[in-house]
Amino acid sequence: MAHPFVLPLVQCTNLELVGGKALGLAQLMAAGFPVPPGICVTTESYRQSLETSGFAQTAEWEKICALSGAERESALSACQERIRQVDITSLTAEWKAALQRLDVPIPARWAVRSSATNEDAGRTSFAGLYRTHLGVAVDQIDDAIKDLWTSLWQQRVLQYSVERGGDHAVPSMAVVIQSMVNALASGVAYSIHPVTGRSFYVAVNALPGLAAPLVDGHVTPDSYVVQIGTDQRPVWIRRRILANKAQRLIVTNDGLRYDAMPESTQSKSSLSDEQLFELGAMAKKIEQALGHPVDLEWAIDAHRLWALQARPITGVRPSSELTNDDCEWSRANFKETMPELPSPVGNSFLELFMDQHIIEPYRRLGCHIPSGLTSTRIFHGRPYLNVTLFHLLVAQLRGDPSQLPEQMGGEPLAVAPAVRPLGWLAFIQAGIVMLKEMRRATVHGPAWFAEMKTMAKQYGPQQVGALSFDETVRRLDDLSARFQIRELTFGIAGGVAQCLQALSLFLPRWLGSDWRVLSNAALQGQGTVISAQQILRLAEIVDIARREPTAEAFFNAEPWNPSEFRTALKDTACLRAFDAYVEDYGHRGIGESDVMSPRLADNPQAILSVLRLQIGAAPFGREEVLSRQERTRAKALTEIKRRLGWRLDRWFTYRWWYRRLCRFFALREANRHHLMYFSTATRTLLLHLGDLLVAQGACDARDDIFFLTVQDRADLVSRKSRDWRGLIRERRAERDRNAAIEVPDTIRDWESTTASSRLSHRSVGTESLFGLPISAGSVAGPVRLLRSLTDWSRVKPGDIIVAPVIDPGMAPLFGIAGGLVVEMGGTLSHGAIIAREYGLPTVANVEAVMTRLKEGQWVHLDAAAGTIHVEPGL
């Protein structure tokens, strides 16, 4: 049976007859995708037309393959000329008749495109090697057909065919003729990332008008990356890089024409978000229908999105494994315990700690961590937490990762990754391992905490002052070894998370929508959270000072000189109580997880200024604090019991988990409190090491030691030759540059964010702001912006403190402040626990609140609802 010369596109099912492009279009049409109507002039017409003219294509192809250089070029040119002279009069009548039979209005202009038998194949695409004619009039189609036939006989085609195809088989050329799309925008979409192969991205390039300049590589298009969710639907525009587009190519009745773009639209996006989502969905559906990733050419006219071509993506291996660049990152958790700009040694220790004591235990539980993923990353000197990774870990352990933003702070994931939970046997094994970690913390924690406090006394400035360089290094190594053995953070954090996961399963059903408010209130006044106890200790000092005329006179003196406190308070009970407080809490500080950060004991005047404010304020002693906390807690527990009703099983279940949660909360804060003894001891040894390095001429200042990482210190100790002073100068200069750069709290697209070195928070006018309720209560007062320790003296009783995070070192201010609002923080943060323990109305996760509220503005804080309303005119 003779093969047809012309076929409707929908009937193009034979590769050898219609070529790769026509076959792909037919497959798209069969799957229900919108394809511009058209026909295919088959390879049979090509072969017969050449044979009739006396052109033996197989013989000519084989002869040319045997040639090289100028001889091959000359032979190819001769073949092209012979093909142009072929008479296709009879073929013309056939394709015209076929166009007439299309059930569409006949357009004035057509697209005439190649469809070779070796084109758009799985291993070889031949993309861009053959020619395409757009905006062709009917009387120009014959010439366009023959030009496409000649494009088969090019040196670049022959070379690509041999090098990539691996053989010398002669290809044939079919031609696709389709109605032109009057494109408002067009371009290319890859159903996987064309560079990394990530299967959860659709990469899009787009231009206004026709995409020919884009396909030809003559212009820079708008570039987008659309992220695909686990259901294969687009979820957000991950990346958007817009080019300046001075002109666009359009089709008219007279052919193609470049139109100048209005200046106001040159930098605007070629596509709306809705169009990008539609395009991303189409690309993934085509990929699913064809069974392989696709390179999709598309166009959008006034009516719809059209698929113009879908070829297999070659040279890129699809992958669903995450890399760091695919993850979402947050400063939450780190930001509240590290300074705004941590030191190099602080960042390096943080990375080491996270890997050894957080991520490695998850591996022991059986969790899969994709190769190359890390828990932390540094951007402009600030550490970021891999939120995507922790979502993966929690979900693998069959927990609820949606609670992570509430517990750790920060924003929810924009896109949740696909997760395969542990099998039930592996899950049970992980549970047994985790229970052992929790028991280890509860059994050994108190003794090890006491040992840490004793250890800190052994490493005071007076104790280490006479140590030699080598002795100091040995003490640091010994300290590190003791820390490794006694680290309990993972087991304690697991205990807290277990309790919260359990309570979140039944409390919403048993208590109602305000279950979190009740639960938080019930956690007040335990008296077991060591970080919160310092507030009571300060209240005790205030009570003592009010009973001692000498102490009261000192604190109320005008002018006040806190540097003379030891002389002024000599032999007073107030000074003894103050020294006891400093002994127990002086190792704490702002940004205390960084050993470079000063401790409260280094600047006792900050605490003295807080005491002065409290002494000058209305009486507010320790007993009143305890009484208020107890009333709040009792009221919450009574309400919880009332709502649980006659179901005693529910009450006993709640009480069991409630007590367990209280125990692990107390352990969590005790662990942090005593880890700071380790941090302070390390700081003391490092500063002494810095003094020794200055004496040796290796450093210029003792705090230069904080600009060397953990690995640097190892190299320094091993006497590795390096310009340490030069390295430190470079890092100091880099730190100064980083200090001038504003960074976002959340990074959803690391590559795009790091491409810009100057980021700023948005500034918003007067409005109602919203955040995450941390500790319930309602209060009104003036805003007091708190950026550093130097701002403490400005805080007055009743002020609403507004800060970047709930830093645990701020606890002494909680006895003065009326409320607290922060940019980041979670219900499990250390500062949140203290604020809740004290009953301070607190709201976290209020985006850019440091710039959105102004110093002295009067605000009403409803912490139960998580709202901050700025009072107008005040």
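Select tyrosine 362 first: at 13% relative accessibility it counts as buried, a term that means under 20% relative accessible area with a 1.4 Å probe and protein chains only, against over 50% for exposed and partly exposed in between. This is a predicted model in which local features need pLDDT of at least 70 and side-chain atom pairs count only at pLDDT 80 or more, while totals for chains, interfaces and linings use all residues. Residues are numbered from 1 along each chain as its sequence is written, and side-chain values use heavy atoms, without hydrogens and water.

A search of the whole structure finds 24 aromatic pairs, defined for rings of Phe, Tyr and Trp (its six-membered ring) by centres within 6.5 Å, with planes under 30 degrees apart counted as stacked, over 60 as edge-to-face and the rest as tilted. The rings of tyrosine 362 and phenylalanine 490 have centres 5.0 Å apart and planes at 85°, so this pair is edge-to-face. Because tyrosine 362 lies in helix α10 and phenylalanine 490 in helix α16, the pair ties together parts that are 128 residues apart in sequence; helices here are DSSP runs (H or I, at least four residues), and strands likewise (E, at least two), numbered from the N terminus.

Next, select residues 387-396, helix α11, where 10 of 10 residues are buried. Just after α11, arginine 398 takes a positive phi of about 65°. Arginine 398 also lies over the face of tryptophan 424, at 3.9 Å from the ring centre, the criterion being NZ of Lys or CZ of Arg within 6 Å of that centre and within 35 degrees of the ring normal.
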